[in-house]
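Here is a short note for a colleague who is new to this structure. Please keep the model open while reading.

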Amino acid sequence: MKKKLQLILMAFKLNKPGTAKRLSMLLSCLTYLLVAAQNPLLLKSPIPGGAGRNINKIVSTKLGKTFFNTIDNANHFSSLWGLWITDGSPQGTTKLSLVDGSHSITEATSLTPLGNNKIVFAGDNEGGYGEIWVSDGSQAGTHSLESFNPGVNYSAIQYIAPLGNRAFYDVYTATKNLQLRATDGTAGGTTLLHDFGADNGNSIFNLQAVGATGYFALNNGTTLHTEIWRTDGTAGGTLLVKDLGMDYGLTSDFMLFGNSFYFITISSTYGDYIWKSDGTTAGTNSLKQISASINFENVAPSYAATSSTLYFTANNSINGKEIWKTDGTAAGTGMLQDLYPGSTGSNPAWLTVVNDTLYFTNNSGYTNTGNELNRYAGGLFIGSDIFTGPTGSNISDVTVQNNTLLFSASRSTATGNEFWVSDANLVPAEIANINPGTNLSSNPSLITVNGADAYFAASFDADG
């Protein structure tokens, strides 16, 4: 089948009378990949180039709508902030007006899928103020749900995460109380789940759905303990799971594997551990110590699970950062292999599973190939050397689409990082050199799969 590729590129054109002058100020581009295309097409220009201007997030709904936001960090009151929706065509890529009665905002951040075909997001969320908005992609269906004004020097809305047909989020209210709230996208369906009291150092983080249940961590400002909580989306079903105690810093996502989830804590007192939980107090316990001393390379580990094994990156402070594995038992938890002997480690990242097989990137200094894409199968590590030599291909943003891997990679210093695809056998191909020229890169990122399509942000010229 002949492949078809379309690019949604954001450009700014300036034409003066009597001058065929084109000012290309491309800061970023959104690219729409159909499984079936080939040649890039310039389609749309959401924002002109400039320092701090970019695309911040791309999200797709279950029924195929794709939203993205534009930001202008150099000017927080700029009209270049905004929320967009696209169907991959010029006429279908439009900016939504964020005006609703007395509420008028420019910034749309923390875009989060809601149900089948909507998103919720935070509006003007900084400096003690913030609003929760909902959008179905239409102008009439884009409106505010509630606003908060705690009068603090940080954002009112901290995190938003999907939870079934609802979304849950934590906020600081006008009375400076920390609350957990949920919404189904309607004013009547926007409710309080739990009030943690006045702001005395309380903070929520790691909001995440694990199956049908939402989990989050609470830094208790009174006890200085880290606590694991859960919610089913109701006030009565929002409960403390486990008080981990003092000096247990949770540093990972809740990593789902089998019927349990796992997480990592680091501690200057106790060292670093991986924990296992079934969502109950009795069933939440440390599984195995990773490092006897605190190691900050155990912060935000990459992870992926096959049907039989959870893989994650970790550093035991002896062998450096390597891939670890667990089958859910203490005996079955440990380092997969010391790929780069010594304390430096092979620094694996972008752990991804396709067809129940693990793929990952690592700085493979032991093979003199640099950062490349690898596959673990039957005790063997099989790699694809895109950029021959020790420099490596600088692979990042690895994303699965059907049975293929989409990612950013470089085949030479002359081409820079561009958009690549590989099958499960690690036979890679460059889809397009979006930003051609010596030492120029498009640096594809935010790759978001929408069924048979994928969207991503990329730079188109030297302005980046």
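**Notes on the predicted model**

1. Start with Glu430. Its relative accessibility is 24%, so Glu430 counts as partly exposed. This residue takes part in a salt bridge with Arg411, and their closest N and O atoms are 3.3 Å apart. The pair links distant parts of the chain. Glu430 sits in strand 37, while Arg411 lies in the loop between strand 35 (404-410) and strand 36 (417-422). The two are 19 residues apart. Arg411 is partly exposed too, with a relative accessible area of 37%.

2. Please bear in mind that this is a predicted model. The chain has 464 residues, and 53% of them count as buried. Its secondary structure comprises 39 strands and 0 helices. The accessible surface comes to about 18900 Å². Carbon and sulfur atoms account for 52% of that surface.

3. How many salt bridges does a search of the whole structure find? The search finds 3. Glu430 with Arg411 is a salt bridge already described.

4. Arg53 forms a salt bridge with Asp72, with 3.8 Å between the closest N and O atoms. Again the pair links distant parts of the chain: Arg53 belongs to strand 3 and Asp72 to strand 4 (residues 66-72), 19 residues apart. Asp72 is buried, because its relative accessible area is 2%, and buried means under 20%.

5. The side chains of Arg181 and Glu146 also meet in a salt bridge, at 3.0 Å from N to O. This pair links distant parts of the chain as well. Arg181 is in strand 15 (residues 177-183) and Glu146 is in strand 12 (residues 143-148). They are 35 residues apart. Both Arg181 and Glu146 are buried.

6. Now look at the largest pocket. Its volume is about 800 Å³. The lining is made of 25 residues. Which of them lie nearest the centre? They are Lys57, Ile58, Val59, Asp253 and Ile447.

7. Strand 3 (53-60), strand 9 (108-114), strand 13 (157-163), strand 17 (203-210), strand 34 (396-401) and strand 38 each supply at least two residues. Strand 13 gives the most, with 5 residues. By type, the lining divides into 15 nonpolar, 7 polar and 3 charged residues.

8. Check Ile434 next. This residue lies in the loop between strand 37 (428-432) and strand 38 (445-450). Is Ile434 buried or exposed? Ile434 counts as buried, because its relative accessibility is 4% and the cut-off for buried is under 20%. Ile434 and Thr415 are 19 residues apart in sequence. In space, their C-alpha atoms are 9.6 Å apart.

9. Finally, turn to the surface. Ile294, Phe296 and Val299 make a nonpolar surface patch of about 270 Å². Phe296 is found in the loop between strand 25 (284-291) and strand 26 (303-305). Phe296 has a relative accessible area of 60%, so it is exposed; the cut-off is over 50%.

Notes
Residues are numbered from 1 along each chain as its sequence is written. This is a predicted model: local features need pLDDT of at least 70, side-chain atom pairs count only at pLDDT 80 or more; totals for chains, interfaces and linings use all residues. Side-chain values use heavy atoms; hydrogens and water are left out. Helices (H or I, at least four residues) and strands (E, at least two) are DSSP runs, numbered from the N terminus. Buried means under 20% relative accessible area, exposed over 50%, partly exposed in between (1.4 Å probe, protein chains only). On a 1 Å grid over the protein atoms alone, a cavity is a set of points where a 1.4 Å probe fits but cannot get out, and a pocket is an open set with protein on both sides within 12 Å along at least five of seven lines; lining residues have an atom within 4 Å of a point. Grid points are joined across faces, edges and corners, and a volume is the space filled by probe spheres set on the points. Ala, Val, Leu, Ile, Met, Phe, Trp, Tyr, Cys and Pro count as nonpolar, Asp, Glu, Lys and Arg as charged, and the others, Gly among them, as polar. Patches are made of residues with over 30% relative accessible area and no salt bridge: like charges are joined within 9 Å, nonpolar side chains (Val, Leu, Ile, Met, Phe, Trp, Tyr) within 5 Å. Accessible areas come from the Shrake-Rupley method with a 1.4 Å probe; for residues, only the protein chains shown count as cover. A salt bridge is a side-chain nitrogen of Lys or Arg within 4 Å of a carboxyl oxygen of Asp or Glu.
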